[in-house]
Amino acid sequence: MKMEEKLDTVMFAPCGFNCALCIKHISGSNPCPGCLIDSKNKAKSALKCKIKACLETKRVKYCGRCSEFPCKLIKKHDKNNQKRNQFSTLENAKRIQNTGINKIMAQDAEEWRCDCGGVISIQKRVCSECQKPKEDGLIN
């Protein structure tokens, strides 16, 4: 999959994960449309997301904008994500506090775009097109 010129803001999940950079979105014949999109192709983890359910009751779109941030739920999610993907969703969610969502998406597109134009997944840290690994190692 080639990186879009402009990433859609609906791809930024409430927890701080950018679904446009997720291996479940960029690979496979039935790609996950992202955490915020209603679809039968949605990843199981997105279907049962406690964070999304929590924010729906609080009427905020992102954890970083919640008055209780960082809460126990996001801290647990972050710990699991760091262990699995070496990526801090908590740190990424903090970006929303001081940076507009359009700027975040532009920064992510630049940071995670391979030289060949493919998308580097957060989980595998390799390009979806040429399989080249991300050179700078861990992020966040």
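These legends walk through close-up views of one predicted model. Local features are described where pLDDT is at least 70 and side-chain atom pairs where pLDDT is 80 or more, while totals for chains, interfaces and linings use all residues. Residues are numbered from 1 along each chain as its sequence is written, and side-chain values use heavy atoms, with hydrogens and water left out.

**View 1. The largest pocket has a volume of about 740 Å³.** Its lining holds 25 residues, and the closest to the pocket centre are Ser 45, Ala 46, Cys 49, His 77 and Arg 84. On a 1 Å grid over the protein atoms alone, a pocket is an open set of points with protein on both sides within 12 Å along at least five of seven lines, and a lining residue has an atom within 4 Å of a point. A volume is the space filled by probe spheres set on the points, which are joined across faces, edges and corners.

**View 2. Helix 4 gives the most to the lining of the largest pocket, namely seven residues.** At least two lining residues come from each of helix 1 (23-26), helix 2 (44-47), helix 3 (50-58) and helix 4 (72-85). Helices here are DSSP runs (H or I, at least four residues), numbered from the N terminus. What kinds of residue make up the lining of the largest pocket? There are 14 nonpolar, six polar and five charged residues. Ala, Val, Leu, Ile, Met, Phe, Trp, Tyr, Cys and Pro count as nonpolar, Asp, Glu, Lys and Arg as charged, and the others, Gly among them, as polar.

**View 3. The largest cavity holds about 60 Å³ of space.** A cavity is a set of grid points where a 1.4 Å probe fits but cannot get out, and the count comes to one cavity of 30 Å³ or more. Around the largest cavity sit Ile 51, Cys 54, Leu 55, Cys 63, Cys 66, Phe 69, Cys 71, Leu 73 and Ile 74. Helix 3 and helix 4 are the elements that give two or more residues to this lining, and helix 3 gives the most, with three. The lining residues divide into nine nonpolar, no polar and no charged.

**View 4. The largest nonpolar core has 35 residues.** Such a core is a set of buried Ala, Val, Leu, Ile, Met, Phe, Trp, Tyr and Cys residues joined through side-chain atoms within 4.5 Å. Met 3, Phe 17, Phe 69, Ile 74 and Trp 112 touch the most other members. Helix 6 (101-111) supplies the largest share of this core, four residues. Take a look at Ile 74: leaving aside neighbours within four places in sequence, Ile 74 is in contact (heavy atoms within 4.5 Å) with Cys 15, Ile 51, Cys 63, Phe 69 and Leu 90.

**View 5. Phe 17, Phe 87 and Trp 112 form one aromatic cluster.** Rings of Phe, Tyr and Trp (its six-membered ring) pair if their centres lie within 6.5 Å; planes under 30 degrees apart count as stacked, over 60 as edge-to-face and the rest as tilted. The whole structure has three aromatic pairs. One of them is edge-to-face, joining Phe 17 and Phe 87 at 6.1 Å centre to centre with 80° between the planes; these two residues are 70 residues apart. Why does Phe 17 count as buried? Phe 17 counts as buried because its relative accessibility is 8%, and buried means under 20% relative accessible area (1.4 Å probe, protein chains only), with exposed over 50% and partly exposed in between. Phe 87, at 2%, is buried too. Phe 87 and Trp 112 also pair edge-to-face, at 6.3 Å centre to centre and 70° between the planes.
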